Amino acid sequence: MRLHLGEGEATTGGSDQDPGGDGGAPAGEDTGPTGGSFYGNILIADNDVLTDLSAMGALVFAWADVRFRNNAALTSLAALQLSEVRGSLEISDHPALDSAEAQAFADGIDVWGTATVCGNAGGIACP
């Protein structure tokens with residue numbers, strides 16, 4: 001996996017399975033929007049002390065799934081600039097996160113897969 005925070009700044013090592021293998025898409029292919037990109041699945045789950053996602057604030061584009069699950073103290077997604085997810089998006093089972101905010105956040109993202117918002121405060125339960 002390779003995390004890019006800006007133009008050409010890689011903060012973790014990559015692998016031969018990354019798109020382009022050198023931290024970017026091959027020449028001539030869609031490279032996504034400018035800003036932070038992540039070339040792998042993201043799962044933030046079961047963290048009882050996480051209150052916000054400001055540490056991921058530069059993330060704009062994800063090449064795979066992004067899942068936020070069961071983070072008991074998470075109250076806001078406002079710090080995220082995420083605008084496109086080329087996999088699925090899940091925001092589920094956060095008792096302190098308002099369901100309307102979670103849904104509005106999901107609605108503002110171009111999700112290529114399935115968007116699932118459930119189990120958050122005041123919302124519908126997850127199946």
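Here is a short chat about a predicted model.

Residues are numbered from 1 along each chain as its sequence is written, and side-chain values use heavy atoms, leaving out hydrogens and water. In this predicted model, local features need pLDDT of at least 70 and side-chain atom pairs count only at pLDDT 80 or more, while totals for chains, interfaces and linings use all residues.

Student: Over which residues does pLDDT stay under 50?

Tutor: Think of pLDDT as the predictor's confidence in each residue, from 0 to 100. The chain's mean is 82, and 73% of its residues reach 70 or more. Where pLDDT is low, the predicted coordinates should not be read in detail. The stretch under 50 is residues 1–26.

Student: Which residue lies over the face of Trp-63?

Tutor: A charge counts as over a ring if NZ of Lys or CZ of Arg is within 6 Å of the ring centre and within 35 degrees of the ring normal. Here the distance from the ring centre is 4.8 Å, and the residue is Arg-86.

Student: Which residues do ring pairs link into a cluster?

Tutor: Rings of Phe, Tyr and Trp (its six-membered ring) pair if their centres lie within 6.5 Å; planes under 30 degrees apart are stacked, over 60 edge-to-face, and the rest tilted. Tyr-39 and Trp-63 are stacked, at 5.2 Å centre to centre with 20° between the planes. Phe-61 and Trp-63 sit edge-to-face, at 5.1 Å and 85°. So the cluster, by that ring-pair rule, is Tyr-39, Phe-61 and Trp-63.

Definitions and conventions
Contact means heavy atoms within 4.5 Å.
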